[in-house]
Amino acid sequence: MPFLKKMKTDIKALTYEQLSNILSEYSLPAFRSKQIYKWLHESGCTSFDEMTNIAKDLRHMLFEKFYISSCGIEDKYISNIDGTVKYLFRLTDGEFIESVVMKYKYGYTICVSSQVGCKMGCTFCASTLAGFNRNLTAGEIESQIHSAQKDLGIRISHVVMMGIGEPLDNFENVMAFLDNVNNENGLNIGMRNITISTCGIVDKIYELMDKKLQLTLTISLHAPNNEIRSRTMPVNKKYPMETLLEACRRYGEITGRRVSFEYTLIKGINDSESDALELADKLKGSLCHINLIPVNDVRERGNVRSSKDTVLKFCNVLKRNGINATIRRTLGADINASCGQLRHLKKRGDVNENSC
Ligand code: SAH
């Protein structure tokens with residue numbers, strides 16, 4: 001990153017309120033803040049020079065104080081199976097992140113990253129393999145949407161925070177991102193079209209519920225008990241299942257929104273009939289939904305996917321015991337764009353298994 005950029009603030013990371021407050025110090029009228037905000041968040045501009053209705057000296061002043069974060073397209077992979085697109089984005093400081101765009105009947109969904117790498121250490125996931133480097137700014141999270149929209153010439157209607165990183169471990173920036181992405185002068189994506197997935201940072205789930213946002217919260221559960229969960233998801237040692245499930249129950253009460261769960265099925269680890277029964281027992285009586293995901297291949301991990309038959313059986317045991325369960329369709333399988341396959345690359349070319 002050029003030295004000066006380090007000293008500057010990412011203007012795209014500011015919420016509308018923060019931006020207006022800063023600009024009001026320069027005695028600028030309120031409509032100027034709105035114009036600048038629209039350039040950044042509605043148009044997704046990447047340079048102050050693009051702000052053609054803003055006077056040159058003001059653009060220069062902005063340039064002196066701020067920079068605009070962006071996601072440059074370093075690589076792009078398109079699935080031959082279902083048209084899913086995976087991007088390798090280069091950030092302003094040369095770091096890389098990945099994002100995925102999927103087409104559904106109702107529109108386009110983007111799966112965005114929230115951190116460069118991940119510290120959570122789940123034993124089945126690729127995102128944590130190369131460790132953690134830094135949080136993304138709110139602007140960098142949003143830039144993934146702008147870059148993909150521009151490149152594909154589409155409008156993205158849904159956002160899932162299921163890319164690289166743990167969104168609740170980057171809480172403040174993720175909240176600023178939500179504020180901006182939901183703003184009517186920005187991308188204007190409704191909260192109900194946004195999903196946050198967490199491995200279960202319980203303190204932050206409580207903080208999130210107090211905000212009473214109408215987004216969908218999904219929990220990466222992946223185990224029927226503490227013994228298996230602590231072995232595969234280190235976060236469980238700090239926040240055991242009972243405290244996590246209690247937080248989910250409270251989340252539903254406070255926000256009126258049903259929490260959903262993700263459960264990755266790994267052969268011989270968490271996919272037996274007794275695992276399904278234990279899981280059903282734990283979730284009994286709670287209004288929830290479970291997405292079952294046969295584990296996706298992550299070369300270094302060596303986990304084996306449960307057979308189709310086992311997945312179906314697991315699903316049926318849950319259903320018979322009153323739990324609403326579905327099996328998730330895998331998208332982007334030929335370009336390593338599925339759940340848990342997005343990676344923190346230290347430098348371009350670290351892993352070339354995406355070439356197809
Ligand atoms: N850190 C957050 C966001 C990541 S979302 C979280 O844990 O929820 C990515 C989802 O894919 C999570 O549910 C994660 O547990 C799951 N996942 C990770 N590795 C996987 C794999 N190999 N196969 C299938 N799902 C996987």
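How many nonpolar, polar and charged residues does the lining of the largest pocket have by class? The lining has 13 nonpolar, 13 polar and six charged residues. Here Ala, Val, Leu, Ile, Met, Phe, Trp, Tyr, Cys and Pro count as nonpolar, Asp, Glu, Lys and Arg as charged, and the others, Gly among them, as polar.

The model is predicted: local features need pLDDT of at least 70, side-chain atom pairs count only at pLDDT 80 or more, and totals for chains, interfaces and linings use all residues. Residues are numbered from 1 along each chain as its sequence is written, and side-chain values use heavy atoms, with hydrogens and water left out.

The largest pocket holds about 800 Å³ of space. Pockets and cavities were found on a 1 Å grid over the protein atoms alone: a cavity is a set of points where a 1.4 Å probe fits but cannot get out, a pocket is an open set with protein on both sides within 12 Å along at least five of seven lines, and lining residues have an atom within 4 Å of a point. Grid points are joined across faces, edges and corners, and a volume is the space filled by probe spheres set on the points. Of the 32 lining residues of the largest pocket, Tyr-104, Val-160, Met-162, Asn-291 and Arg-328 are the closest to its centre. Elements giving two or more residues to this lining include β5 (96-104), β9 (156-161) and β13 (288-294). Strands (E, at least two residues) and helices (H or I, at least four) are DSSP runs, numbered from the N terminus.

The second largest pocket has a volume of about 260 Å³. It is lined by 16 residues, with Leu-245, Cys-248, Arg-249, Ser-286 and Leu-287 the closest to its centre. Two or more residues come from each of α10 (241-255), β12 and α11 (273-283). Helix α10 gives the most, with five residues. The lining divides into seven nonpolar, three polar and six charged residues.

One cavity of 30 Å³ or more is present. The largest cavity holds about 470 Å³ of space. Of its 31 lining residues, Cys-125, Met-162, Ser-220, His-222 and Gly-340 are the closest to the centre. Strands β10, β12 and β13 each give two or more residues to the lining of the largest cavity. That lining divides into 16 nonpolar, twelve polar and three charged residues.
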